[in-house]
Amino acid sequence: MKLLERDSALASLAEYARDALAGDGRLVLVGGEAGVGKSSLVEAFTERLAGTMPTARAAWGLCDGLSTPRPLGPLFDIAGELGGELLERSRARASRDELFATLLRQADAPGELHVLVLEDLHWADEATIDLLRFLGRRLRGARILLVATYRDDDLPSRDLLRIALGDIATQRTTRRIGLAPLSVRAVEHLAGGSGIEPAGLHRLTGGNPFFVTEVVRSGSAAVPASARDVVLARVATLGEDARAVLNAGALIGNRIDPRLLAEATGGPPAVLDELVMSGLLIGDGGLLTFRHELTRLAVEQAIPQHRVGPIHARILAALGELGRDDDAGAAFHAEAAGDAPAVLRYAVRAARRAAELGSHRESAAQYERALRCADGVPPAHLAELYDALAAELSLVDRGPRVCEVAERARELWHRAGNRLREGAAQRRLSAALRYACRGREALAAAEDALATLAPLGPTAELAWAWANLAAQRMVSEQHELAIATAARAQELAVALGLPEVHSDALITEGCSRAIVGGDWLGPLGRALDLGLAHRLDEQVGRAYINLHGMLCTKRRYPEAERYYQEGVAYCDEHDVRTYATCIRAERVNTLAGTGRWDESLALGEYVLTNRVDASPLNRVTPLVCLGLIRARRGEDGVWPALDEAAELADGCDGPQWIAFVRAARAEAYWLEGREEPARREAELVADAVAGGDEWARGLAVFWLRRTGSDRMPEGTLAEPYRLEADGDWPAAADRWDEAGSAYEAALVLLESGDGDARRRALGILDDLGAAAAARVARQRMRREGVRAVPAGPRAATRAHPAGLTRREREVLALICAGHTNAEIAERLFIAVKTVDHHVSAVLGKLGVATRSGAAKEAVRLGLVTA
């Protein structure tokens, strides 16, 4: 049947297929409401493709609509269709990374086009979402057309799929097709001969093709708000046996194996024939599916509650009789059937396999399912479940919940008399407490874990206890002690062959050496290499965030960029959500520090509102940056953000966090002209940086001087701060400018006694949109008798269509003229690093990823001529 009003979408798919066949792969995201015809569109496209492109081959994978879906179910579906190496590795239970790489390699065949369809991604498990990310980032140069369908009408803002779609939307290979409901004219075509008035039908159905089709088939004009009654009216025409089989099918899910359905119900083939002839079920490559998920839901919801459990029990028994390897499905049916022993058996196996495949959210959900059915389980077995759950939750940024679970595991191991496992649970509890901003408790728990484990001899648990204690001491800025403790952990890790502990301790050593001096990049680099070599996802994530964060702390932003890009991609693809959130939070600060305030605010809001269950510690940096940028701009919402950040930082009890937050609060008070509270906050910074590095001490001095405090921390200062302290304001401003920190440069220039330098500072603040800071500058300049103080922000900047500053407009013009960053630096008499930051800001404000894209956008906006 011809699809109505879908010619444009089909033409786009055909174009993307040609691009992919030519070696320029495409990811096509097909979104739309339930029933709008996403699957029908893709089916029609693949049918046409078979006639126009003989070398094309399509393989389909469908996500399960279960409460806890089978990890990588679509990949295994595709493996069954493609066969070959992918199927062999799937049956051999290969690792997730091997499966991803094998699919990419097998699908990218010379002279062929593989169309890989991932259907119903709104039900996708984490590992499948990671597969989408993995393939989406590697389609350039591949002969693959990846088509993903999903519902976009009820996708929560914090849903994992929505987050993933936002992350991959900027990829050059990504395309979107949105399917709109049908017009009145199309509905009139579908309703032809039914006697139903088209305009009324369109109003009642909203033009949804499924609703329209179901109403027309029912022949009834009395249409309810949903299709439920329409579906049930059709079900009522079936015989009793067919209705019983249909009920079981609805509880099995949206893809039904006829053999499983027959085994669970005893229904003869004639019954299945009746269901197919009714149009409620359709054949799909040897399987049966409901014509639409709404049909399945309508049937499922109409089953009397007292019959649901027994039906699930028969499905569970049928899975066993057929020898199906579907632990996730079995666990789902076992829980619905109230079979606790079966839930424990299947849910634990499903959780372990999900963890192997990197689907940590699903793994945690299966362990939670097992614990719901664990009444009467011996304490040691129960403790095992809590331990495993804590390990999975720690990877998905659920800090407070990890605290509860790890503490419960510790209590159970204590009750069971197992000191080794009790100590291990104490160690995990310690790490979770730190992310929950309970720093003193975290350090105490780390010390307790070591005291528990040390008498038991050299074990892996003891090595981890040393490594964790080192990390806790590092965060508490006991750096020399942390380095020594990390060395103990490394020694034991090497002796016992524990690369994960070795990598973790190297990270801690590197972070502490970055503060006290010496080679710190070496240990962090070795930790990253070790983690990558042994596929240690947690340690790789931690190494990336600390490499990026430490370089940013030292204002080495261009070097840090590599680790951000690699780190965020790795953490997203391997479902290490704790560090994926953490590295994005640090990025918020980087963007704020380099004057890219709009981007910083956008990413900060994203981290705070869209990252699922972000741990309290991962909220601190975005809160500080949001509060500080608003303060600099003179906007509302400053103190709620900074107050929450202060509460979290104080609870964390980490001096670096306290100094970071208190410095922001000192600046916010200073911008409001409230000198006394600003001075108090600056002195709290000074208290916190006693064990910090030259940059931390410099930050304290920066705000102590501006707030009129006579306190000064002892020790050396980082160069920009030292130059300012020595009174060399021009040189200090140049250093800040070279680092890409124009705002700090402007504040330094304001300290100069030179009127031209101060006017330059005011121009920088106006360009940045720092209205509050500019107001403070004007007041001070007028008070001190500076002549010709500019009256207000530059109208050109305010009116610029892309919000570019004067300097950014100069850089854009030179980009459009084809100049390199080095050439731009030479022409504008600024550092190449400064140009790097200006170019990044220009690209961000124009919403493009490349210099050529910036040139095209500049022409489109009329900023330059073609």
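This is a predicted model: local features need pLDDT of at least 70, side-chain atom pairs count only at pLDDT 80 or more; totals for chains, interfaces and linings use all residues.
Reader: At what angle do helix α18 and helix α19 pack?

Author: Two packed helices are described by the angle between their axes and the distance between the axes. The axes are lines fitted to C-alpha atoms, for helices over the stretch in contact, with angles running from 0 to 180 degrees between N-to-C directions, and the helices (H or I, at least four residues) and strands (E, at least two) are DSSP runs numbered from the N terminus. In this model α18 (residues 340-356) and α19 (residues 360-372) have axes 8 Å apart and pack at about 165 degrees, which makes α18 roughly antiparallel to α19, the scale being under 35 degrees for roughly parallel, over 145 for roughly antiparallel, 65 to 115 for roughly perpendicular and oblique for the rest. The crossing of α18 past α19 is left-handed, a word used if the near helix is turned anticlockwise from the far one by less than a right angle, with clockwise giving right-handed. Among the residues that meet in this packing are Val 343, Leu 344 and Ala 347 of α18, facing a set in α19 that includes His 360, Glu 362 and Tyr 367.

Reader: How far apart are the axes of α27 and α28, and at what angle do they cross?

Author: The axes of α27 (residues 521-533) and α28 (residues 537-553) come within 8 Å and cross at roughly 150 degrees, so α27 and α28 are roughly antiparallel to each other. The passage of α27 over α28 is a left-handed crossing. On the α27 side the contact (heavy atoms within 4.5 Å) is made by Leu 521, Leu 524, Leu 528, Gly 531 and Leu 532, and on the α28 side by Val 540, Ala 543, Tyr 544, Asn 546 and Leu 547.

Reader: How many aromatic pairs are there?

Author: A pair of aromatic rings is described by the distance of the centres and the angle of the planes. Rings of Phe, Tyr and Trp (its six-membered ring) pair if their centres lie within 6.5 Å, and planes under 30 degrees apart count as stacked, over 60 as edge-to-face and the rest as tilted. By this rule there are ten aromatic pairs. One of them joins Trp 695 and Tyr 721, whose ring centres are 6.0 Å apart and whose planes stand at 75 degrees, so the pair is edge-to-face. This pair links distant parts of the chain, 26 residues apart, with Trp 695 in helix α36 (residues 694-706) and Tyr 721 in helix α37 (residues 719-725). Trp 695 and Tyr 721 are both buried, a term for under 20% relative accessible area, against over 50% for exposed and partly exposed in between (1.4 Å probe, protein chains only).

Reader: With which angle between the planes do Trp 695 and Trp 736 pair?

Author: Trp 695 and Trp 736 form an edge-to-face pair, with 70 degrees between the planes and 6.2 Å from centre to centre. Because Trp 695 lies in helix α36 and Trp 736 in helix α38 (residues 729-738), the pair ties together parts that are 41 residues apart in sequence. Trp 736, like Trp 695, is buried. Ring pairs link Trp 670, Trp 695, Phe 702, Trp 703, Tyr 721 and Trp 736 into a cluster.

Reader: Is Leu 145 buried or exposed?

Author: Leu 145, found in strand β4 (residues 144-151), has 0% relative accessibility and therefore counts as buried. Leaving aside neighbours within four places in sequence, the contacts of Leu 145 include Leu 13, Tyr 16, Phe 45 and Val 115.

Reader: Which residues does Glu 119 touch?

Author: Glu 119 is in strand β3 (residues 113-119) and is buried, at a relative accessible area of 8%. Not counting residues up to four places away in sequence, Glu 119 touches Ser 39, Trp 60, Gly 61, Leu 62, Cys 63 and Thr 149.

Reader: What is phi of Glu 5?

Author: Phi of Glu 5 is near 55 degrees, a positive value in a residue other than glycine; Glu 5 sits in the segment before α1 (7-21) and is partly exposed, with a relative accessible area of 42%. Glu 477, which is not a glycine, has a positive phi of about 65 degrees. Glu 477 lies in the loop between α24 (460-475) and α25 (479-496), and counts as buried at 16% relative accessibility.

Technical notes. Residues are numbered from 1 along each chain as its sequence is written. Side-chain values use heavy atoms; hydrogens and water are left out.
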